[in-house]
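Please look through the structure shown here with this short briefing at hand.

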Amino acid sequence: MPTSTPSVDGERALAAAFAVRELDRAAEDYDRFRAAYTDPRRIPRSAAGPAIRIVSTEDWTSGFVAGSFWCLFEHTRDESWRATAERFTRALEPQCRRTRDHDIGFIVNCTFGRAQRLLGGDANRAALLLAAESLASRFSSHVGAIRSWDFGPWRYPVIIDNLMNLELLFRAAELGQTPRFAELALSHARTTLANHFRPDSSSYHVVDYDPETGEVIEKQTHQGLSDESAWARGQAWALYGCTMLYRETLEVDFLRQAQRIAAFYTEHPNMPSDGVPYFDFDAPQLAPAVELRDASAGAIAASALLELAEHAPAPESARYREFALRSLRSLASAEYRAAPGSHGHFLLMHSVGNQPGNDEVDVAINYADYYFLEALLRCKSRAR
């Protein structure tokens, strides 16, 4: 574990003060947000200027709004945020039985999972265990991984995002004394490490497997510029996922992989100086006329780097923390932070959902806000 010095402690105190200011400001802005969106079955997913995209509780992003409310309760300890978070979380309870894709982890872990960590409770525990059973139903022993999607041309697609859902399985294994969940998560993680990463530790988005033999059929980058390009949010999911895997298992292979991904991400020549990536690291070469940043990738990676800094040795830990803080300060600036009352009361502008599909391009989006708040909470707690 990294050690502290007086200068490091002083820098952490300054970082903590920054995080507190930004969390206070977020609470003010999200007070307007929750006043504007009062139906927990109609989730604000994104905003393109004044145009708001509303989705149902079945959408893969449906848990991030409640998750943001839980983050604000964690920061403020204001019971009104707890009540709002609980109301939006309860509306997601039917999703605990979701078996049609892998996204149950996103939906349940940042809602019932956060609630269980903050408050405990039999209902939250039961929701996590049920959701883990649902996610585990998509595991194939032939492939050694959890199937991500049931649509599209693929035979057995596994996407890099799916690493994020493994935390649900680890948590359920602990809460329910069910080792099987952790075993499935480990199998999926090891299969991903074996097949998803290029020699430079960038990640493909999708690996398609033969469901009978487990052999790799094809590797693609579905939401990036090309199959061999490095889609920025995919790299952020990979960084976050491998860091979480090390925390849960203490297996050094996951720490080393997280550090290799961090090196690719933070040291890439196409990373802008403000620490907020283009939506694809290869965009300057492949699409120089499309200068789109992805604040969501920046927020996810910042949160991951702050955690990775707690596990990595010096001097890497200091570099990870410095990069994460640079990214967060950029995201908190007027360049990315929406003015109060604009962009549907979301916090961050300039995220990219799916550029090749022309879907949610240069918008405010709910998962960018969630990981921004999570990163600020990590900065606040770990910078002391």
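The points that follow are grouped by topic.

The model is predicted. Its largest pocket has a volume of about 600 Å³, and the second largest pocket has a volume of about 340 Å³. A search of the whole structure also finds two cavities of 30 Å³ or more.

**The largest pocket**

- The largest pocket, with its volume of about 600 Å³, is lined by 27 residues, and the closest of these to its centre are Arg-114, Arg-117, Glu-167, Glu-374 and Arg-378.
- Two or more residues of this lining come from each of the elements α2 (64-76), α4 (104-119), α6 (166-176), α8 (232-249) and α13 (366-382).
- Sorted by class, the lining of the largest pocket holds eight nonpolar, six polar and 13 charged residues.

**The second largest pocket**

- The second largest pocket, of about 340 Å³, has 21 lining residues, of which Trp-60, Asp-103, Trp-149, Phe-151 and Gln-223 are the closest to its centre.
- The elements that contribute two or more residues to the lining of this second largest pocket are β8 (351-354) and β9 (359-365).
- The lining of the second largest pocket is made up of six nonpolar, six polar and nine charged residues.

**The second largest cavity**

- The second largest cavity has a volume of about 30 Å³, and the residues that line it are Asp-29, Arg-32, Ala-338, Ala-339, Pro-340, Gly-341, Ser-342, His-345 and Phe-346.
- In this cavity lining, four residues are nonpolar, three are polar and two are charged.

**How α4 meets α13**

- The crossing of α4 and α13 is left-handed.
- At this contact, Phe-106, Cys-110 and Arg-114 on the α4 side meet Tyr-370, Tyr-371, Glu-374 and Leu-377 on the α13 side, and the contact divides into five nonpolar, no polar and two charged residues.
- Arg-114 and Glu-374, which take part in the contact of α4 with α13, are also among the residues closest to the centre of the largest pocket.

**How α4 meets α6**

- The axes of α4 and α6 come within 9 Å and cross at roughly 45°, so that α4 and α6 are likewise oblique to each other.
- Here α4 passes α6 in a left-handed crossing.
- The residues of α4 that take part are Ile-104, Gly-105, Val-108, Asn-109 and Gln-116, and they meet Glu-167, Leu-168 and Leu-175 in α6; by class, this contact has four nonpolar, three polar and one charged residue.
- Glu-167, which belongs to the contact of α4 with α6, is one of the residues closest to the centre of the largest pocket.

**Two details of the backbone**

- Most residues other than glycine have a negative phi, and most peptide bonds are trans.
- The peptide bond from Ala-314 to Pro-315, however, is cis, with omega near 5°, and Pro-315 lies in the loop between α11 (295-311) and α12 (316-331).
- His-343 has a positive phi of about 50° although it is not a glycine, and His-343 is placed in the loop between α12 and β8.

Terms used
Residues numbered from 1 in each chain as written. Predicted model: local features only at pLDDT ≥ 70, side-chain atom pairs only at ≥ 80, totals over all residues. Heavy atoms only, no water. 1 Å grid on protein atoms, 1.4 Å probe; cavity = no way out; pocket = protein on both sides within 12 Å on 5 of 7 lines; lining within 4 Å. Points joined across faces, edges and corners; volume = space filled by probe spheres on them. Helix = DSSP H or I, 4+ residues; strand = E, 2+ residues; numbered from the N terminus. Nonpolar A, V, L, I, M, F, W, Y, C, P; charged D, E, K, R; others polar. Left-handed = near helix turned anticlockwise from the far one by under 90°. Contact = heavy atoms within 4.5 Å. Axes fitted to C-alpha atoms, helices over the stretch in contact; angles between N-to-C directions. Parallel < 35°, antiparallel > 145°, perpendicular 65-115°, else oblique.
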